[in-house]
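Hi there,

Here is the structure we talked about handing over. Have a look, and then read on for what turned up in it.

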Amino acid sequence: MNVLHTLPMRYHSRVGFVNVGKKIQYLGGREAMAYIDRGKVSLPKVAGHLRYHWNMSAGGLLHWLFPGKGLDNGLRVLVDDDVCQYIYGRLHC
């Protein structure tokens with residue numbers, strides 16, 4: 001696998017958040033990594049890689065962290081393929 005042709009995704013599951021000073025940080029939970037082919041970035045692919053590591057409950061939401069932002073102001077809901085393409089476009093530059 002050529003890592004230059006993949007989009008690294010870090011998944012956090014069953015995570016809580018805690019305020020530490022003026023920053024929000026992850027508390028607990030589990031973490032996993034996946035590498036998605038840059039030409040195939042889509043919501044089903046992202047969810048599929050997540051299911052490889054954990055069972056996703058129905059109605060659960062996926063969030064992504066906007067590049068350069070913190071947890072307090074950068075978490076966005078991953079709602080459709082348009083958002084996946086936006087993420088890919090932001091990281092592809």
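Let me start with a quick one: does E31 count as buried or exposed? At 52% relative accessibility, E31 counts as exposed (buried is under 20% relative accessible area, exposed over 50%, and partly exposed in between, with a 1.4 Å probe and protein chains only).

Before the rest, some housekeeping. This is a predicted model, in which local features need pLDDT of at least 70 and side-chain atom pairs count only at pLDDT 80 or more, while totals for chains, interfaces and linings use all residues. Residues are numbered from 1 along each chain as its sequence is written, and side-chain values use heavy atoms, with hydrogens and water left out.

Back to E31, then. The structure holds one salt bridge (a side-chain nitrogen of Lys or Arg within 4 Å of a carboxyl oxygen of Asp or Glu). E31 forms it with R10, and the closest N and O atoms are 3.2 Å apart. E31 lies in strand β4 and R10 in strand β1, so the pair ties together parts that are 21 residues apart in sequence (helices, H or I with at least four residues, and strands, E with at least two, are DSSP runs numbered from the N terminus). R10 counts as exposed too, at 53% relative accessibility.

Now for the inside. The largest nonpolar core has 18 residues (a core is a set of buried Ala, Val, Leu, Ile, Met, Phe, Trp, Tyr and Cys residues joined through side-chain atoms within 4.5 Å). M9, Y11, I36, V46, L62, W64 and L78 touch the most other members. Two or more residues come from each of β1 (6–13), β4 (30–37), α1 (43–53) and α2 (81–92).

Leaving aside residues up to four places away in sequence, W64 touches G74, L75, R76, V77, L78, V83, Y86 and I87 (contact means heavy atoms within 4.5 Å). A search of the whole structure finds one aromatic pair (ring centres of Phe, Tyr and Trp, the latter by its six-membered ring, within 6.5 Å; planes under 30 degrees apart are stacked, over 60 edge-to-face, the rest tilted). That pair is W64 with F66, tilted, at 5.6 Å centre to centre and 40° between the planes. Both W64 and F66 are buried.

Lastly, S42 sits in the loop between β4 and α1. S42 counts as buried, at 16% relative accessibility, and touches D81 and C84, not counting residues up to four places away in sequence.

Happy browsing!
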